[in-house]
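Please open the structure in a viewer and keep the selection tool at hand.

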Amino acid sequence: MRIRSLILAACVISAALPAIADVAEANAAFRAGRYDMALLEVAAAGPTADGYALKARTLLAQTICSNGEPGTAQIRDALVAANAALELDRRHGEGRLQKAIALSLLTRPMSLGEANRSGYGPEAKALAEGVLADDPANHFALGFLAVWHVEVHRRGGSLGAAVMGASLKTARANYAEAVRLAPEDAGLRWQWARALAAYDAKKYRAEIEAELQAAVAIDPQTELDRVMQGRAGVLLEVVSGGKAHEIETAAQAML
């Protein structure tokens, strides 16, 4: 089975770096969706862990917001930037999260077995778990892990989930805590709804619809949030009138 969706990419990518002077202007450009300007500002600020992490986040946001399949070259550039952040600070939270997203994107054309053998899937999980161990209130890491567990179940079934250590109970617990910490995060709700819709639209239809409605009702904080809300609105239309298999097909094709 081929991967047809990301693992909480947009939600984590939309995470805001601290307003440190060196990257404040770049972060503001990122939030406004001026990604080329954000990259220029990061380059001008010089080599810092925050700057490299923001570069990775910006490159991944560009990838997510583009039409069609994500470009491997840009994903690998983001991975290089995230690794550069971790070379300067091996426990840098944003750097680890963006590396997890980049690795997840690289597994997109792989089967579950290929993703496991590559090491990318397990490493992405371990990175997010490490962030959460250092910061239990990090709702981005919680959200990432929630969707990771659902995605593994969807792609590998019970056997694949057992091999990869995925649990729907853990997924739901992680998501509940993430929403408790950040009820107004549109990307968080969008990615959870999309993951459930891709996995089992018939079983979770009511919850999917409620989460999508919540996502589109939230006041967006960034341009990326607005993009995610637009996709939530598209999927909501399918959920409102489509059959379960149509919902699953639509969700699996969306980022």
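Begin by selecting helix 4: 14 of its 17 residues are buried, so the helix is largely enclosed by the rest of the structure. The model is a predicted one. Helix 4 covers residues 49-65. At 1.5 Å a residue it should span 24 Å, and its end C-alpha atoms do lie 24 Å apart, so expectation and model agree.

Within helix 4, select Leu54. Its relative accessibility is 0%, and because buried means under 20%, Leu54 counts as buried.

Next, display helix 13 (residues 223-241) beside helix 4; the two axes come within 11 Å and cross at roughly 25 degrees. Helix 4 is therefore roughly parallel to helix 13. The crossing of the two helices is left-handed. To view the contact itself, show Ala61, Ile64 and Cys65 on helix 4, together with Leu224, Val227, Met228 and Arg231 on helix 13.

Now turn to the largest nonpolar core, which has 70 residues. Select Phe144, Trp190, Trp192, Ile208, Leu212 and Leu235, the members that touch the most other members. Helix 9 (residues 139-164) contributes the most to this core, with twelve residues.

Finish at Ile208. Which residues is Ile208 in contact with, leaving aside its neighbours within four places in sequence? They are Ala193, Leu196, Ala197, Asp200, Ala201 and Val239.

Note on methods. Residues are numbered from 1 along each chain as its sequence is written. This is a predicted model: local features need pLDDT of at least 70, side-chain atom pairs count only at pLDDT 80 or more; totals for chains, interfaces and linings use all residues. Side-chain values use heavy atoms; hydrogens and water are left out. Helices (H or I, at least four residues) and strands (E, at least two) are DSSP runs, numbered from the N terminus. The expected span of a helix is 1.5 Å times one less than its number of residues. Buried means under 20% relative accessible area, exposed over 50%, partly exposed in between (1.4 Å probe, protein chains only). A nonpolar core is a set of buried Ala, Val, Leu, Ile, Met, Phe, Trp, Tyr and Cys residues joined through side-chain atoms within 4.5 Å. Contact means heavy atoms within 4.5 Å. Axes are lines fitted to C-alpha atoms, for helices over the stretch in contact, and angles run from 0 to 180 degrees between N-to-C directions. Angles under 35 degrees count as roughly parallel, over 145 as roughly antiparallel, 65 to 115 as roughly perpendicular and the rest as oblique. A crossing is left-handed if the near helix is turned anticlockwise from the far one by less than a right angle, and right-handed if clockwise.
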